[in-house]
Amino acid sequence: MNEFTTTRPARQSRWFQHGFSLIELMVAMFLGLLVSAGIITLFSSTSKANRIQTQLARMQEQGRFVVNRVVSDLQMSSAQYCSNSGGLPTNAGTSVAPIYLQDQPNTPLVYVDAQKIPGTNYSNPGAPTEPYPLPADFYMRGYECTDSTCTPSVPSNIPGMGTAAGNRIKGTDVLMLRALRGLGWSLDAGYSTQAPAATSTSGAIELTSITLAPSASTEPPASHFVKGDLAMLAECSRSQVFAVTKAGNVLTPDPSKNFNTPGIQQPTLAGRASTQDPRLYDFSRDFVTTNYYLELKADDNPDAPAGKLVGVLMRQINNEPAEELVRGVERFDLRYGVVNRNGAMSYLTADQVDSRAGGALTCPVGAKGLPDSWLDSSQQLPGCLWRAVKTIEVNMLLDSADLSNVSDEELHYVYPPDGSSVQSPPANPTNGLSRNMMRRSFTALIAVRNNNF
């Protein structure tokens with residue numbers, strides 16, 4: 001061994017190789033677990049708060065969208081060229097109390113059998129035998145529904161109530177609106193023309209025929225009017241609905257189907273100043289029907305439990321397949337603001353509008369010439385108050401659609417049609433929807449502008 005070489009004692013070498021003791025390791029692991037638990041708790045709490053805020057924000061956005069969509073259609077209810085469905089009270093002359101305007105000038109006069117008009121039921125108890133005004137509930141019709149039935153019965157093209165996918169949600173209202181869409185054909189612009197009869201049996205200038213010569217830039221082609229459709233001849237003060245035959249581009253009133261011969265719409269006669277714009281519409285196609293209702297659909301969220309359903313607000317145009325507007329709507333309730341004969345406003349459900357609030361309200365006057373067999377025991381026309389609807393209160397209850405892992409208190413909500421008290425979802429819902437979802441209500445008060453003078 002070299003004299004300069006030294007060796008470290010074995011005891012000293014083992015000392016420098018010493019690690020953590022078991023106690024130190026256990027203390028470190030315990031502290032690490034505490035820190036990890038805190039991080040996990042914070043993450044879970046933040047994630048839950050973020051999920052709740054996302055669901056609330058989505059409900060708010062969907063609520064605004066669906067209210068705007070319904071408002072847009074309601075504002076166009078009863079639209080028919082430049083006139084409206086009339087029948088609201090107005091002060092006239094020196095009268096102290098408001099009186100109702102005649103609604104015949106604003107409501108189409110129908111010359112054809114009522115069975116050819118969608119939504120009419122004048123054949124029971126008595127079918128019309130002379131021209132009659134288009135019924136008030138043609139433009140707007142609500143259906144008040146309980147968990148078992150609706151008043152009146154909903155149309156056959158709307159799903160029945162139930163708790164399975166494809167069923168309409170039980171206890172939710174249905175709304176039907178009709179409005180005139182499209183430009184029609186102008187009869188006072190040098191294109192399409194009316195032909196007056198040389199003589200008249202009624203004192204008015206009767207219509208012989210209408211020749212369609214549409215403006216290629218703004219009007220539909222003559223082929224838009226299909227054989228068998230009803231014609232609507234309209235201007236701002238009155239309109240008529242009648243059956244016609246079609247040969248080429250010429251429409252001729254059909255005496256075999258009309259009670260009387262419709263008249264020429266002024267001011268198309270020679271020598272008269274053109275103060276209005278008479279137009280022809282295809283009544284069977286240009287009056288568009290829009291239905292709103294709630295339907296159960298399978299939840300398309302891949303994380304949703306098997307068989308979970310969501311409520312969807314559906315919008316149906318005519319008899320076409322209904323489109324989905326918003327998912328997560330489980331209540332849809334409507335109240336109709338009716339102006340009574342004294343000018344006061346009453347908010348009624350659809351069945352109350354039909355029954356005139358149990359007979360307490362009187363119909364607007366105006367629809368003259370109706371046979372007595374059309375009137376009820378109080379000599380009132382059934383459904384007449386639909387012409388006096390001035391505003392509509394729309395209430396919708398939206399839910400988060402996705403399940404919410406929140407406390408029972410956070411599930412509480414207030415829904416105006418049920419009163420002002422706070423309520424909680426039932427333990428076992430009977431409408432096919434889940435309980436554990438947050439809910440918020442949305443309300444809109446809409447003026448039906450085409451029912452205003």
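Q: Which handedness does the link of C145 and C150 have about the S-S bond?
A: This is a predicted model, in which local features need pLDDT of at least 70, side-chain atom pairs count only at pLDDT 80 or more, and totals for chains, interfaces and linings use all residues. C145 and C150 are joined by a disulfide with an S to S distance of 2.0 Å, a disulfide being a pair of cysteine sulfur atoms within 2.5 Å. The angle about the S-S bond is 110°, and the link is right-handed.

Q: Are C145 and C150 buried or exposed?
A: A search of the whole structure finds one disulfide, and C145 and C150 are the residues that a disulfide joins. The scale is relative accessible area, with a 1.4 Å probe and protein chains only: buried is under 20%, exposed is over 50%, and partly exposed is in between. On this scale, both C145 and C150 are buried.

Q: How many helices and strands does the chain have?
A: Helices (H or I, at least four residues) and strands (E, at least two) are DSSP runs, numbered from the N terminus. Of the 453 residues of the chain, 43% count as buried. The chain has four helices and 23 strands.

Q: Why do the buried residues of α4 line one face of the helix?
A: Helix α4 spans residues 350-359, and A350, V353 and R356 are buried in it. Viewed down the axis of α4, these buried residues fall within an arc, so they line one face of the helix. The arc is that of the directions from the helix axis to the C-beta atoms. For α4, it is 140°.

Q: What is the relative accessible area of R356?
A: R356 lies in helix α4. Leaving aside neighbours within four places in sequence, R356 is in contact (heavy atoms within 4.5 Å) with L361, T362, C363, D376, S378, Q380, C384 and L385. R356 is buried, its relative accessible area being 7%.

Q: Which residue in β16 is the bridge partner of A231?
A: Both faces of strand β16 (residues 279-282) are covered, with buried R279 and Y281 on one side and buried L280 and D282 on the other. β16 pairs antiparallel with β10 (residues 185-186) over two bridges, and S186 stands opposite R279. Strand β13 (residues 230-234) is joined to β16 by four bridges, also running antiparallel. In β16, the bridge partner of A231 is D282.

Q: Which residue takes a positive phi in the hairpin of β14 and β15?
A: In strand β15 (residues 250-253), L251 and P253 form a covered face, whereas V250 and T252 form an uncovered one. Two bridges join β15 to the antiparallel strand β12 (residues 207-211), and four join β15 to the antiparallel strand β14 (residues 239-247). The bridge partners in β15 are L251 for I210 and P253 for V244. The hairpin of β14 and β15 has two residues between the strands, and the positive phi, near 70°, is taken by G248.

Q: How many residues has the largest nonpolar core?
A: A nonpolar core is a set of buried Ala, Val, Leu, Ile, Met, Phe, Trp, Tyr and Cys residues joined through side-chain atoms within 4.5 Å. Those with the most contacts inside the largest one are L313, Y336, I392, V394 and M396. The largest nonpolar core has 43 residues.

Conventions:
Residues numbered from 1 in each chain as written. Heavy atoms only, no water. Pairing = 2+ DSSP bridges.
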